[in-house]
Amino acid sequence: MQDVAGCRAILPNLAAVDEVRRRIEHQKSEIVKVNDYNATPRSSGYRAVHIVVRRGGALVEIQLRTASQRRWAM
């Protein structure tokens with residue numbers, strides 16, 4: 001098991017995804033892992049950014065996607 005909590009943000013465009021990623025990277029939480037499937041899509045075509053952070057001792061996965069990426073993944 002990688003995480004114990006998670007959240008997904010659906011953003012209007014890739015620029016917003018990049019901006020939210022930068023904000024997360026500048027927070028005090030420890031970043032454990034980043035999977036940037038926008039830069040390197042999965043073989044299925046899946047795209048998004050997944051960031052695992054340690055917050056208060058717990059692992060939290062944050063998924064950042066655009067609305068069109070969300071529709072594709074459904």
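In this predicted model, the buried residues of helix α1 are A16, V17, R21 and I24. Around the helix axis they cover an arc of only 140 degrees, which places them on the same side of α1. A15 and R23, on the other side of α1, are exposed. The buried residues of the helix pack against four strands: β1 (5-11), β2 (30-36), β3 (49-55) and β4 (58-66).

Helix α1 comprises twelve residues, 14-25. At the start of α1, the backbone nitrogen of A15 has a side-chain oxygen of N13 within 3.2 Å.

A further feature concerns aromatic rings. A pair of such rings is described by the distance of the centres and the angle of the planes. The count of aromatic pairs in the model is one. This pair joins Y37 and Y46, with ring centres 5.7 Å apart. Their planes lie at 65 degrees, and an angle over 60 degrees counts as edge-to-face, so the pair is assigned to that class. The accessibility of the two tyrosines is given below.

| Residue | Relative accessible area | Class |
|---|---|---|
| Y37 | 15% | buried |
| Y46 | 8% | buried |

Both values fall in the buried class because the cut-off for buried is under 20% relative accessible area. The ring of Y37 also has a charged neighbour: the charged end of R42 sits over this ring, 4.4 Å from its centre.

Definitions and conventions. Residues numbered from 1 in each chain as written. Predicted model: local features only at pLDDT ≥ 70, side-chain atom pairs only at ≥ 80, totals over all residues. Heavy atoms only, no water. Phe/Tyr/Trp six-rings, centres within 6.5 Å; stacked < 30°, edge-to-face > 60°. Buried < 20%, exposed > 50% of the residue type's maximum accessible area, 1.4 Å probe, protein only. Lys NZ or Arg CZ within 6 Å of the ring centre and 35° of its normal. Helix = DSSP H or I, 4+ residues; strand = E, 2+ residues; numbered from the N terminus. Expected span 1.5 Å × (residues − 1). Arc of directions from axis to C-beta. Contact = heavy atoms within 4.5 Å. Polar contact = N/O pair within 3.5 Å; in protein donor to acceptor, adjacent residues only side chain to side chain.
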